[in-house]
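Take a look at the model first, then read on.

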Amino acid sequence: MDISIVIPLYNEDESLPELAAWIKQVADTHQYSYEIIMVDDGSQDDSWKVINELRNKNEHIKGIKFQRNYGKSAALNEGFRSAQGDVIITMDADMQDSPDEIPALYNMIKNEGYDMVSGWKKKRYDNTLTKNIPSKLFNAAARRSSGIKLHDFNCGLKSYKKKLIKSIEVYGEMHRYIPIIAKWAGFKKIGEKVVEHRPRKYGVTKFGWERFVNGFLDLGSIMFVGKFGKRPMHFFGLWGTLAFMIGLIIFLWLTISKFFFDHTGLTQRPLFFFAILAMIMGTQLFLAGFIGELIARNSPDRNNYLVETKMGL
Ligand code: UDP
Ligand code: MG
């Protein structure tokens with residue numbers, strides 16, 4: 001199979017028929033063998049009914065329905081598990097992403113050797129204050145911390161090589177960081193393509209301002225887990241030891257100065273409290289590292305490596 005199109009959706013019954021028809025038209029024109037996996041993320045409207053009707057007309061359409069709303073990441077992850085195509089394309093259900101981009105995204109993976117290609121909504125049709133400006137900030141932070149030169153990390157329209165999809169896991173709200181997850185998993189060729197963005201035709205957006213608070217917190221976790229997830233002591237041990245040593249040195253200095261120089265009482269000086277604080281914090285950090293190390297040692301995927309190729313085995 002050439003392409004799997006994975007579509008996470010939550011209360012999007014109005015858009016689905018139009019979207020399915022458009023994808024079918026594109027796929028038929030290019031004669032792709034394809035499947036459309038619609039993942040209903042616990043919709044309360046008629047989305048699931050609509051998906052059923054669509055499948056009766058087009059057996060390329062497949063559906064997964066969640067018992068309740070788990071979020072876009074969960075929906076994507078479930079779709080990825082079932083996808084069979086050589087190239088997997090994800091797309092929002094609200095018709096803001098154009099199916100006309102499919103052939104170009106497919107070619108970049110299939111013929112130009114990209115591991116993944118992210119869409120870039122260069123011209124956006126969303127609210128400037130609540131979406132566009134926060135999104136610029138967020139993308140700048142993600143670019144800086146991950147070193148991946150993408151303009152638009154969170155674009156719903158992306159394409160992937162099958163191997164990449166099958167070797168990563170998306171959970172929580174981590175769908176914003178799939179490029180970073182892919183990079184940590186060892187997939188280096190991450191590309192970008194300017195895509196057409198359209199105003200939302202039906203329904204309302206499912207994400208408000210709080211996504212940027214969560215987004216930044218998630219960026220922190222993902223960078224930390226990627227870097228130190230398998231060796232927490234290298235982070236906590238370093239800063240713990242440093243803080244403890246600073247405290248200890250100040251303490252020694254205070255003691256020496258009490259007996260030999262100005263004879264001020266130890267506890268009379270503000271530095272004394274700083275020294276205690278630094279030593280306690282240092283111990284805490286060190287312990288956190290130690291416990292982290294014990295947890296990492298017990299993690300079932302402590303020895304999960306992705307093998308690129310093998311020889312003679
Ligand atoms: N979505 C989902 N589960 C959720 C929230 C959203 O599957 O809990 C889907 C939604 O139906 C849409 C896509 O994720 O297909 C992007 O959502 P939306 O268009 O609301 O985001 P925006 O374009 O406003 O960033
Ligand atoms: Mg949208």
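## Ground rules

This is a predicted model, in which local features need pLDDT of at least 70 and side-chain atom pairs count only at pLDDT 80 or more, while totals for chains, interfaces and linings use all residues. Residues are numbered from 1 along each chain as its sequence is written, and chains are lettered from A and ligands numbered from 1 in the order in which they are written.

## Two domains

The chain is assigned domain 1 (3–228) and domain 2 (233–297); bounds like these come from an automatic or database domain assignment. Taken over C-alpha atoms, the centres of domain 1 and domain 2 sit 47 Å apart.

## The cores

A quick word on terms. A residue is buried if 20 or more other C-beta atoms lie within 10 Å of its own, exposed if 12 or fewer, and partly exposed in between, with C-beta atoms placed from the backbone. A nonpolar core is a set of buried Ala, Val, Leu, Ile, Met, Phe, Trp, Tyr and Cys residues joined through C-beta atoms within 7 Å. Helices (H or I, at least four residues) and strands (E, at least two) are DSSP runs, numbered from the N terminus.

The largest nonpolar core has 60 residues, and the members that touch the most others are Ile 5, Val 6, Ile 7 and Ile 36. Helix H1 (residues 16–30) is the top contributor to this core, giving 6 residues. Beyond its neighbours within four places in sequence, Ile 36 is in contact (C-beta atoms, placed from the backbone, within 7 Å) with Ile 5, Ile 7, Ala 20, Ile 23, His 60, Ile 61 and Lys 62. There's also a second, separate core of 5 residues, with Ala 243, Ala 275, Ala 278 and Leu 285 among them.

## Around ligand 1

Ligand 1 has 17 residues around it, and Pro 8, Tyr 10, Ala 93, Thr 205 and Lys 206 come nearest. To count as near, a residue needs its C-beta atom, placed from the backbone, within 6 Å. Strand E1 (3–9) and helix H3 (72–82) each put at least two residues into this shell.

## Strands side by side

Strand E5 (residues 116–120) is largely enclosed by the rest of the structure, because 4 of its 5 residues are buried. Strands pair if DSSP finds at least two bridges between them. E5 runs antiparallel to strand E6 (residues 158–161), with 3 bridges, and parallel to strand E7 (residues 190–194), with 5 bridges. Ser 118 has Lys 158 as its bridge partner in E6 and Glu 192 in E7, while Met 116 stands opposite Tyr 160 in E6.

E6 is covered on both faces: Lys 158 and Tyr 160 on one side, and Ser 159 and Lys 161 on the other, are all buried. Strand E4 (residues 87–90) also joins E6, antiparallel and through 4 bridges, with Ile 89 opposite Ser 159.

## Two loop residues with positive phi

Asn 11 isn't a glycine, yet its phi is positive at about 55 degrees. Asn 11 lies in the loop between E1 and H1 and counts as buried because it has 20 C-beta neighbours inside 10 Å.

His 263 also isn't a glycine and has a positive phi of about 55 degrees. Its loop runs between helix H9 (233–260) and helix H10 (270–298). With 8 C-beta neighbours inside 10 Å, His 263 counts as exposed.

Terms used: Contact = placed C-beta atoms within 7 Å.
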